[in-house]
Amino acid sequence: MGMIRLHSSPLQGYTDFRFRNAYHNYFGGIDQYMAPYIRLKGSLEITPARERDIRPGNNPSINLIPQVMAKDPEIFLYVADYLQNLGYRALNWNLGCPYPMVANKGMGSGMLARPELIDAFLHRVTTETDMHLSIKMRLGYESSSEIMGVLPVLEKYPLSYIAIHPRTGNQLYKGAVDLDAFKACQSQSSHTVFYNGDIATVHRFRELQDRFPGIRHWMIGRGLLADPFLPAMIKADDHTYPENRYEVLRAFHDTLLASYQEALSGPKHVLTKMHSLWEYLIASFPASPRGLKRIRKAQSLQSYKDIVNGLFKEETPPTH
Ligand SMILES: Cc1cc2nc3c(=O)[nH]c(=O)nc-3n(C[C@H](O)[C@H](O)[C@H](O)COP(=O)(O)O)c2cc1C
């Protein structure tokens, strides 16, 4: 167990630097955080919000790897250079994003059916930057066989690793992860392969580990929002919450709330941000099956806080 490495899988709109700092402070268990993707729109310019998210000073004790979404090597290289100047030495390329507005433009998982474009892209960027490159990808966009055309291309390049989420893009997050396909990918690649997808409990992690004993690196996305203690419990190989589970959750929540209140203009934005967090976090509040509905009704910070107080009360005494 001591050998495994856990990675925070990026969730655009959720795992920003404020979340990462609060999370790292209260829960730990994560060895490396991947930042939500940087995507340039139109011009060679990193937006101030992106810059804030990845600025090393805003990620003081976070081991962070930035990610880029691009199909144009020019853009990738621009961002690589920018990040290198900030002190980063590694960069992840997003070949997994499933959303049609991305995929239809031939980016993210929309590029997986075009191995010749991936080849040309990697040829150019590996020639022109000395950043350590890795890739995060799905099995394909339309079909899970697309990746079988991509893996031989990836063999030609010095990649730190490839992280595979074994679904297709057009599946979005529906349907089961295809573990047979993941197994096949593992045997078709000499790169270090990371597993990513639906790790939501210690039990599920153990099952996956039994199935893929050769995998050392695991990426957890939504599971960590739903149960922030999950990575630490996986590391301990013990599905036991600390006695003060809800006190820690409470402190984490309050820290994050304060940090969004400080950063965002007006209660509406703060509430929107907290509402989206609760879409996942509510899973840690089994005593309040209608909790999310209640939270969504909150129109002011005061009523939000009252509702949240109620949710925490309903979980005492702590469940194990
Ligand atoms: C709201 C949301 C935002 C995401 N943003 C990113 C992103 O910026 N970059 C990325 O590579 N994957 C992104 N993903 C995919 C996740 O990182 C992860 O690959 C996927 O959710 C499967 O892992 P999980 O089952 O552990 O969540 C996003 C997923 C969701 C649901």
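A note on the source: I am working from a predicted model, where local features need pLDDT of at least 70, side-chain atom pairs count only at pLDDT 80 or more, and totals for chains, interfaces and linings use all residues. Residues are numbered from 1 along each chain as its sequence is written, and side-chain values use heavy atoms, with hydrogens and water left out.

**H12 and H14.** Helices here are DSSP runs (H or I, at least four residues), numbered from the N terminus. I found H12 (residues 267-281) packing on H14 (residues 301-314) at about 25°, with axes 10 Å apart; axes are lines fitted to C-alpha atoms over the stretch in contact, and angles run from 0 to 180 degrees between N-to-C directions. That makes H12 roughly parallel to H14 (angles under 35 degrees; over 145 is roughly antiparallel). The contact (heavy atoms within 4.5 Å) includes Met-274 and Trp-278 of H12 and Tyr-304 of H14.

**H11 and H12.** I then checked H11 (residues 245-263), whose axis comes within 9 Å of that of H12 and crosses at roughly 150°. That makes H11 roughly antiparallel to H12. Among the residues in this contact are His-253 and Tyr-260 of H11, and Met-274 and Trp-278 of H12.

**Ligand.** Ser-9 has one at 2.8 Å, and Asn-94 has one at 3.3 Å.

Notes:
Helix = DSSP H or I, 4+ residues; strand = E, 2+ residues; numbered from the N terminus. Parallel < 35°, antiparallel > 145°, perpendicular 65-115°, else oblique. Polar contact = N/O pair within 3.5 Å; in protein donor to acceptor, adjacent residues only side chain to side chain.
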